[in-house]
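This briefing is meant for a reader who is meeting the structure for the first time. Please look over the sequence and the model before going through the points below.

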Amino acid sequence: MSQRILLAIAVALGLLVIGLGLFWNPGQPETTVSPRGGDFTLQSADGPVSLSAFRGKVVLLYFGYTYCPDICPTSLVRTAAALNLLKPEEASRVVTLLVSVDPERDTLAHLKEYVTFFHPGMVGLTSSQAEVAAVAKQYGAFYAKHQTGSAAGYVVDHTADVYLIGTDGVLKERLPHVATPEQMVAAIRERLSVQ
Amino acid sequence: MMHKISALAVTLLFSAGVFAAAADNVSVQDPYVRLAPPGAPATGAFMVLKNAGDKDVKVVKAENSLSKVTELHTHVNDGGVMKMRPVQSIDIKAKGETVLKPGGLHVMLIDLKAPMQEGNVVPITLTFDDGSSKKVEAKVVRPTAPGMPMDHGKH
Ligand SMILES: [Cu+2]
């Protein structure tokens, strides 16, 4: 009798494990888009930059724009704080990319000056509207121009997550806008430890 | 003598908060302007607004001399999409407080006339719904991450 109960429990646990394996995917973002990530090439002030050039490094990918008065600085400051918390040998294996979703206003030179303000290692990228849109789609980032009717001209509504790409160039997870530098460091270290 | 008595009466009325202007009931704590990155045309001013009065108060306008335009804004997080939008007013409930902070309500300084320096003081005038106004001296602060030693919100 007690053996039957044990067996039933074992079966139930087994089903639970299988169910979790099938349906529980903590790395999966909650939006309807399911980003696959992948390689891309965009322009920087110092020439074209491809994601594949950073194989062996962890890449933090962010979509924003320099006219962004609040959200982008907040995210980039957090990211810079995370980079500063890493040991130098760790930080040397982390690359931060800001893709401007506002190529209309963000020149490459301006973009470079902007990212450097937050951290000397950050790289600012952009390209034509179409190419930027393609990369954003690849990663499941959303943005849309919005006329506020204010003197700021248009603003760009956008998702503010940080995409964490592993040393193998594969999109691993999406860190929310509210992630603390400590949480970012933990996520970066986890990916750095995988060769 | 008559003068003194009426002055006293006015003082009493004011201290009782009966006829007090919104500007007298509202106190401002920790005002600061976030240092704009080079070339960025706009930045935000943040502060804590406390209303000691027993009437709700609205901030209906903000002005400053460093930027061509000053607006009241908020951020809406719409399913992960951050949307910045102008607002008509910022409410401060009676005996309550309203926090202007990154990612939320803020005073937006648009079209900066000159690059700002860390440590500069930006005088901002807030106008309330009863027409009274209050001048706030907001210091320009380099942005830091929440929870970090330099975090401005934590002092
Ligand atoms: Cu704003």
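Predicted model: local features only at pLDDT ≥ 70, side-chain atom pairs only at ≥ 80, totals over all residues.

What is the geometry of the site of the copper ion, judged by the angles among its four donor atoms? The site is tetrahedral, with angles of 103 to 120° among those four donor atoms.

**The copper site**

- The protein donors of the copper ion are the ND1 atom of H73(B), the SD atom of M84(B), the NE2 atom of H106(B) and the SD atom of M108(B), and these lie 2.1 to 2.4 Å from the ion.
- Along the sequence, the donor residues follow the spacing H-x10-M-x21-H-x1-M.
- H106(B) counts as buried because its relative accessibility is 0%, where the cut-off for buried is under 20%.
- M108(B) also counts as buried, since its relative accessibility is 1%.
- For comparison with the angles at this site, the ideal value for four tetrahedral donors is 109.5 degrees.

**The largest cavity**

- The structure holds three cavities of 30 Å³ or more, and the largest of them has a volume of about 60 Å³.
- Residues from both chains line the largest cavity, including Y65(A), C68(A), V155(A) and D157(A) from chain A, and H75(B), M82(B), K83(B) and M84(B) from chain B.
- The elements that give two or more residues to this lining are β7 (154–159) of chain A and β5 (81–86) of chain B, and β7(A) provides the largest share, with four residues.
- By class, the lining of the largest cavity is made up of eight nonpolar, two polar and two charged residues.
- M84(B), one of the residues lining the largest cavity, is also one of the donors of the copper ion.

**The second largest cavity**

- The second largest cavity has a volume of about 40 Å³, and among the residues that line it are S75(A), R78(A), T79(A), A160(A), P176(A) and H177(A).
- Helix α2 (residues 71–85) of chain A gives the largest share of this lining, which comes to three residues.
- The lining of the second largest cavity has five nonpolar, three polar and one charged residues by class.

- The secondary structure of chain A comes to six helices and nine strands, and buried residues make up 51% of its 195 residues.
- Among the contacts in chain A between residues at least 6 apart in sequence, 69% join residues that are at least 24 apart.
- D161(A) lies in the loop between β7 and β8 (162–165) of chain A, and D161(A) counts as buried because its relative accessible area is 12%, which falls under the 20% cut-off.
- Leaving aside neighbours within four places in sequence, D161(A) is in contact with L61(A), Y62(A), R174(A), L175(A), P176(A) and H177(A), and of these P176(A) and H177(A) also belong to the lining of the second largest cavity.
- K145(A) is found in strand β6 (residues 143–147) of chain A, and K145(A) counts as partly exposed because its relative accessibility is 47%.
- Not counting residues up to four places away in sequence, K145(A) touches E104(A), Y154(A), V155(A) and V156(A).
- K145(A) and D157(A) are twelve residues apart in sequence and 6.3 Å apart in space, C-alpha to C-alpha, and D157(A) is one of the residues lining the largest cavity.

Definitions and conventions
Residues numbered from 1 in each chain as written. Chains lettered and ligands numbered in written order. Heavy atoms only, no water. Donors = N, O, S within 2.8 Å, 3.2 Å for Na, K, Ca; no water. Tetrahedral: all angles 85-135°; square planar, octahedral: opposite > 155°, others 65-115°. Buried < 20%, exposed > 50% of the residue type's maximum accessible area, 1.4 Å probe, protein only. 1 Å grid on protein atoms, 1.4 Å probe; cavity = no way out; pocket = protein on both sides within 12 Å on 5 of 7 lines; lining within 4 Å. Points joined across faces, edges and corners; volume = space filled by probe spheres on them. Nonpolar A, V, L, I, M, F, W, Y, C, P; charged D, E, K, R; others polar. Contact = heavy atoms within 4.5 Å.
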